[in-house]
Amino acid sequence: MDSPAAVPVLDGFHYGTDPGLLASMWERWDELRRDHRFFKTMDNGPDPVWVMTRYADIRDALRDYDLFSNECVQVTDPVGAHKWIPEELDPPEHGKYRQLLTPSFAPSAVEALEPRVRELCIELIEQFADQGSCDFFTDFARLFPTTIFMEIMGLPVDRAGEFLQWAHDLMHTGGDSDPAQREEATMKIMGMLGQLVAERRSNPQDDLMSQLVTAEIDGQPIDDMALLEMCFLLYMAGLDTVAGELGAFFHHLSTHPEDRKRIVDDPACIPNAAEELLRAFAIVTTGRLVTRDVKWNGCPMKAGDRVLLPTPSANRDHEAFENSTSVDLDRQDNRHIAFGAGPHRCVGSNLARLELVVALEEWHRRIPEYSLDASEPLKFHSGGVAGFEKLPLTWPGT
């Protein structure tokens, strides 16, 4: 473990564009965690970025919103560039907005969605089950959770392809992308959401957008800009995170036939298996803003410094989990933080769990034997939400 006086500076660590964080992202974090409890990089913008690698440190930082503010969760963005609500609000303001979302993602609300989630999952799988192959990401992983989210929000499902392209241009193009492309995607998304807000103000429907439009904070209606920031955050989360996790799940299962066979032979293990795969292959890395000068566990941080908190590293820490880098579908007491920790823990975690479990159940009922198609290339992106963008699978019948 690094001594307090010897926190290293790693030159060339480019968050989101480091070549070492591509298809072997989790193994790369394993190496960094083995060598460094903390390190610092100056290669991600004008401010120093402290990177934590251990479970306890990352969990505690996620909980300590007084020291580690959510004011800017992207370490590469200038403070004030955006305010994604409620993610970039600190308590107590954060709680006022979060409570507007909680009822739609509470266990009872998610349970009521289960028939529709399962119906859509089956429909998608049956479109290609007889073909003997698919690009898992394009044909299933991104369409399944995206369609459910769009129905909940009240977004026009027939424009799913367009919305997914905007999300890709915004979030998956990496540090070498054209800033104008990202800006154009942002403007298109905000324009679409602004139009929808206006429509719901004049004609409310039975959807989450209408609930937000008619909600109040401290007895006052939410203004249009705050609504747009809320909807923009939901848009990014709803179109990206579960798709990324599904890709990680099925990449592992397609390359580890013993785990795939276990799920096929014992479907009752699937909920526990989903938790273990979430632990082993977490995909979210978030940032925080240091609020005051402090020597935190040996790190001499200054007010305004950035902190990077990678859950893909935290969840594979051997100090928190036995055989931490191995997948154990029978693992018990699995206190992973794939959904974060503290007041900003993912509000949609109940829905995400349902979608992941249903996908594992219905896929393996219909396609029990499959493998990675080694003749086709993989495509993977790292960054705030990592994931496969191309995952070719094949099964008997090709």
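The following legends describe close-up views of a predicted model of a single chain.

**Figure 1. Overall dimensions and composition of the chain.** The secondary structure of the predicted chain comprises 15 helices and 14 strands. Its C-alpha atoms occupy a box of roughly 60 × 55 × 40 Å along the principal axes. The radius of gyration is 21 Å, which agrees with the value near 21 Å that a compact globule of 398 residues would have. Of the 398 residues, 54% are buried. Among contacts with a separation of 6 or more, 69% are between residues 24 or more positions apart. The chain exposes about 16,700 Å², and carbon and sulfur atoms supply 50% of this area.

**Figure 2. The mixed sheet of five strands.** An open sheet of 5 strands has the order β1-β2-β10-β7-β3, with mixed pairing. Strands β1 (38-41) and β3 (68-69) stand at the edges; each has a single partner strand, so one side of each is left without a neighbour in the sheet. Within the sheet, β2 (residues 49-52) and β10 (residues 306-310) run parallel and are joined by 3 bridges. The bridge partner of V49 in β10 is R306. Helix α2 (residues 55-63) packs on this sheet and touches β1, β2, β3, β7 (285-290) and β10. The direction of helix α2 makes about 120° with that of β10.

**Figure 3. The antiparallel sheet of three strands.** A further view shows an open sheet of 3 strands in the order β4-β14-β11, with antiparallel pairing. The edge strands are β4 (133-135) and β11 (371-372), each of which pairs on one side only. Strand β14 (residues 392-394) and β11 pair in the antiparallel sense over 2 bridges. L372 has L393 of β14 as its bridge partner.

**Figure 4. The largest nonpolar core and a separate core.** The largest nonpolar core contains 109 residues, of which F136, F140, F144, L155, Y235, L246 and W363 touch the most other members. Helix α10 (residues 224-238) contributes the largest share of this core, with 10 residues. When neighbours within four places in sequence are left aside, F136 is in contact with A141, L246, G247, F250, W363, L391 and L393. Another core, of 20 residues, lies apart from the largest one; its members include W50, L62, L309 and F321.

Figure 5. Most peptide bonds are trans. The bond that joins I85 and P86, by contrast, is cis, with omega about 5°. P86 is placed in the loop between β3 and α3 (93-105). A cis peptide bond also joins P91 and P92, where omega is about 5°. P92 likewise lies in the loop between β3 and α3.

Figure 6. Most residues other than glycine have a negative phi. D218 is not a glycine, yet its phi is positive, at about 55°. This residue is found in the loop between β5 (216-217) and β6 (220-221). D218 has a relative accessible area of 59%, and it is therefore classed as exposed, the cut-off for that class being over 50%. N323 is not a glycine either, and has a positive phi of about 45°. N323 lies in the loop between α14 (311-314) and α15. With a relative accessible area of 56%, N323 is exposed.

**Figure 7. The position of R365.** R365 belongs to helix α15 (residues 349-366). Its relative accessible area is 55%, so R365 is exposed. R365 and E88 are separated by 277 residues in sequence and by 41 Å in space, taken from C-alpha to C-alpha.

Notes
Residues are numbered from 1 along each chain as its sequence is written. This is a predicted model: local features need pLDDT of at least 70, side-chain atom pairs count only at pLDDT 80 or more; totals for chains, interfaces and linings use all residues. Side-chain values use heavy atoms; hydrogens and water are left out. Two strands pair if DSSP finds at least two bridges between them. Helices (H or I, at least four residues) and strands (E, at least two) are DSSP runs, numbered from the N terminus. Contact means heavy atoms within 4.5 Å. Axes are lines fitted to C-alpha atoms, for helices over the stretch in contact, and angles run from 0 to 180 degrees between N-to-C directions. A nonpolar core is a set of buried Ala, Val, Leu, Ile, Met, Phe, Trp, Tyr and Cys residues joined through side-chain atoms within 4.5 Å. Buried means under 20% relative accessible area, exposed over 50%, partly exposed in between (1.4 Å probe, protein chains only). The radius of gyration is taken over C-alpha atoms; the globule rule is 2.2 Å times the number of residues to the power 0.38. Accessible areas come from the Shrake-Rupley method with a 1.4 Å probe; for residues, only the protein chains shown count as cover.
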